[in-house]
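Open the model in your viewer and keep the selection tool at hand. The tour goes from a ligand to a helix and then to a strand pair.

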Amino acid sequence: MTQTKIAVIGGSGIYDIDGLENAQWVSVETPWGKPSDQILTGALNGIEMAFLPRHGRGHIHSPTDVPYRANIDALKRLGVTDVISVSACGSFREHMAPGDFVVVDQFIDRTLARDKSFFSSGCVAHVSVAHPTCPRLSDACETAGKAAGITIHRGGTYLAMDGPQFSTLAESKMYREHWGCDVIGMTNMPEAKLAREAELCYASIAMVTDYDSWHPDHGEVDVTAIIATLTGNAEKGRALVKGLPELLGAERLPCPHGCDRALEYAILTAPEKRDPALLAKLDAVAGRVL
Ligand SMILES: CSC[C@H]1O[C@H](OP(=O)(O)O)[C@H](O)[C@@H]1O
Ligand SMILES: Nc1ncnc2[nH]cnc12
């Protein structure tokens, strides 16, 4: 029987979580380099937990330089089954107001300068990301959020941009009016794609911190105001996370949406043509099918 192990990847303003039993920061080495930081492991209501600050404690990594592959590999290596991404985002919708949470279910990936796959020549694989988030895990996040009294919107399209600068007014209007995006951030891609390749269920909780730059009644994006909103609403995030163990339970059944079997038929390179060096690096993320 597989045991549930829930990882929380904390975004800007979230560098720690409290309340874990037997909490311990552990170092994890990966073939893809060092993760953003040590990983806090422990348990919550009898369920194993892991917490990784995406930007590192002290906010060291810029959105493009976050070691996304090392982060996902490290979580997989620790036996994580479910990944909850918590991030700050700008909103393109009036009703998704600062302080609200959005359970993101779609992405438009505008990032360029990032390593987006564990696979490459020597072991070629193509996974589907048509539905990049796990509905089962998203359900749990929505339920936990509502139980914690959070205004939480189910479903939303997240525009992932490189940054670190915020968008121009023309970009902001284009994403909102023509591309149908609901929120914007700089980190959920390629994180979600890599989680799928590693056969991890992934859900994204985006906390609205601002209206980006499109809103006529709000000024330009201001990082000080973003952090103030994040800090002022941090308790909501903590309350949501605390509700997850009970909802997910200790026994991890196969994901009804197949996230944990994403690689089943994905690898195309013939066994005798595979690069042994790359296969060695794939031991954690693809070991199940190699
Ligand atoms: C602090 S404002 C911009 C910064 O915040 C978000 O980070 P994260 O997604 O890790 O919460 C956003 O994506 C930018 O990286
Ligand atoms: N407006 C915005 N654009 C990109 N990333 C953000 N993170 C928080 N607010 C953001």
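Start with ligand 1. Its shell holds five nonpolar, seven polar and one charged residues. Bear in mind that this is a predicted model.

Which residues come nearest? Select Gly11, Ser12, Ser87, Gly185 and Met186: of the 13 residues around ligand 1, these come nearest.

Next, select helix α3, residues 169-178. Its buried residues are Ser172, Tyr175 and Arg176. Look down the axis of α3: these buried residues fall within an arc of 90°, so they line one face of the helix. Show β10 (157-160) and β11 (183-185) as well; both are among the elements that cover the buried residues of α3.

Turn to the face of α3 directed away from the buried side. Ala170, Glu177 and His178 are the exposed residues there. Then step past the end of the helix to Gly180, which follows α3 and has a positive phi, near 70°.

Last stop: strand β3, residues 21-26. Is β3 largely in the open or buried? None of its six residues is buried, so β3 lies largely in the open. A residue would need 20 or more other C-beta atoms within 10 Å of its own to count as buried.

Key. Residues numbered from 1 in each chain as written. Chains lettered and ligands numbered in written order. Predicted model: local features only at pLDDT ≥ 70, side-chain atom pairs only at ≥ 80, totals over all residues. Buried ≥ 20, exposed ≤ 12 C-beta atoms within 10 Å, placed from the backbone. Helix = DSSP H or I, 4+ residues; strand = E, 2+ residues; numbered from the N terminus. Near = placed C-beta within 6 Å. Nonpolar A, V, L, I, M, F, W, Y, C, P; charged D, E, K, R; others polar. Arc of directions from axis to C-beta. Contact = placed C-beta atoms within 7 Å.
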